[in-house]
Amino acid sequence: MRSITTLTTMVLLAVANPALAGTARSWGAAMQAVPGVNGASSLPPLGDTTIRQIMRLSVGGDSLRLTFDNSDSPNPLLIDHIEVAQLDAAGRILPATSKRVTVGDRPAVVIPAHAPMVSDPVKMALPPLARVAISIHLAAGQQPWSFHGYAAANTLLAPGDQTTAPEMTSVNAMQRRFLVSGIDVTSARPLRSVVALGDSITDGVKATVDSDRRWPDQLAGRLQQAGMTQVGVTNQGISANKVLQDGVGISALARFDRDVLGVPGVSHVIVLEGVNDIGGASRDNQQASFDTVGLINAYRQMVLRAHDHGIKVLLATILPYKGAGYWSAWGEEQRAKVNAWIRSQREADGVVDFDAAVRNPADPQAFAPAYDSGDHLHPNDVGFTAMAKAVPLNLLR
């Protein structure tokens, strides 16, 4: 029989570490502010609109909860109806699985300005890699200001409250994500999650839409096939994001606490960013002021901050991009310096050599033709597969 002291210690550990408590993020999207002009959103009006988003989970569980994001808005946001349902193999909603989502046992929720809000748990048996539909009705006059600017998936917009409709009418599609920044699952067994922190290459630009072919999606499938069924993957990529400067989304260094340290159940983070810092400096004629050591020190900061929270860090080499619009010989020199440091350093917990996985052996500064989407910067679906296969699973155990 365990002593009272041992049992108390186990309870305290479970409270302190979400992974031990059986909670982990199974899907995620890093939020950013909606672009605006003179204080007005550049998006079409979304009040009295149903927003339906399809998400493929990574790790399964016995229930789920949603995190809603209003952090970029100066105004509270009223959501008056939320439904979650599972999809069948053909992508159709299974009406028998549809359940209303509440927050504090209330069906409508007001999210304060500049804040996130977490829903009540919804009991739902979810197998690994399950697909769910989140349907949100925004009250009339409401407008979201936090969104995810690119999604390799279609979000469906329909007038009125169609949250319970298996098929909505008068639908428009948009490759954006709105309001939902995370889906967490719970289970009686310990769960944990791997965060993929990155830019458009992680975000999945050039992946086939609605195919779940981004490299973090395919890594989630590899983990399940390898028997690591308790490990989820959450994609925290933002297209055009940089490590050191705000631009499209706040910088990776600035959002690290929110998008890595704040993720429930996170045990590992894979960091793949830097090409936009280097390429952008070349494009904008800022070579003289660019600080390669500063970029390397930003990676060091991420390692330190993650280690303070018991999170392991895998640093990924920057992919080749010769032929892309902002490539230059100077930029290639900086990429080589950064990659050499990543491969030789011993501060992080491992290295993922994406560069070696996708480069052209005949021209290592460029993509292998079979993996190039055509813009010489982003992989195609096959290239994303090569990236997912390049992640050493033993480093995630």
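**Helix packing and positive phi values**

At 36% relative accessibility, Ala240 counts as partly exposed, since the range for that class lies between under 20% for buried and over 50% for exposed. The model in which this value was computed is a predicted one. Ala240 sits in the loop that joins strand S19 (231-237) to helix H4 (252-261). The phi angle of Ala240 is near 70 degrees, which is a positive value in a residue other than glycine. Most residues other than glycine have a negative phi.

A second residue with a positive phi is Asp210, where the angle is near 60 degrees and the residue is again other than glycine. Asp210 belongs to the loop between helix H2 (200-203) and H3. With a relative accessibility of 40%, Asp210 is likewise classed as partly exposed.

Two packed helices are described by the angle between their axes and the distance between the axes. H4 packs with helix H6 (residues 292-308) at an angle of about 25 degrees, and the two axes are 11 Å apart. H4 is therefore roughly parallel to H6, because angles under 35 degrees fall in that class. The crossing of H4 past H6 is right-handed. On the H4 side, the contact is formed by Ala252, Leu253, Phe256, Asp257 and Leu261, and on the H6 side by Ala298, Gln301, Met302, Arg305 and Ala306. Seven of the residues in this contact are nonpolar, one is polar and two are charged.

The axes of H3 (residues 215-225) and helix H9 (residues 381-390) come within 8 Å and cross at roughly 50 degrees. H3 and H9 are therefore oblique to each other. The crossing of this pair is right-handed. H3 contributes Trp215, Gln218, Leu219 and Arg222 to the contact, while H9 contributes Asp381, Phe384, Thr385, Met387, Ala388, Lys389 and Ala390. By class, the contact of H3 with H9 comprises six nonpolar, two polar and three charged residues.

Technical notes. Residues are numbered from 1 along each chain as its sequence is written. This is a predicted model: local features need pLDDT of at least 70, side-chain atom pairs count only at pLDDT 80 or more; totals for chains, interfaces and linings use all residues. Side-chain values use heavy atoms; hydrogens and water are left out. Axes are lines fitted to C-alpha atoms, for helices over the stretch in contact, and angles run from 0 to 180 degrees between N-to-C directions. Helices (H or I, at least four residues) and strands (E, at least two) are DSSP runs, numbered from the N terminus. Angles under 35 degrees count as roughly parallel, over 145 as roughly antiparallel, 65 to 115 as roughly perpendicular and the rest as oblique. A crossing is left-handed if the near helix is turned anticlockwise from the far one by less than a right angle, and right-handed if clockwise. Contact means heavy atoms within 4.5 Å. Ala, Val, Leu, Ile, Met, Phe, Trp, Tyr, Cys and Pro count as nonpolar, Asp, Glu, Lys and Arg as charged, and the others, Gly among them, as polar. Buried means under 20% relative accessible area, exposed over 50%, partly exposed in between (1.4 Å probe, protein chains only).
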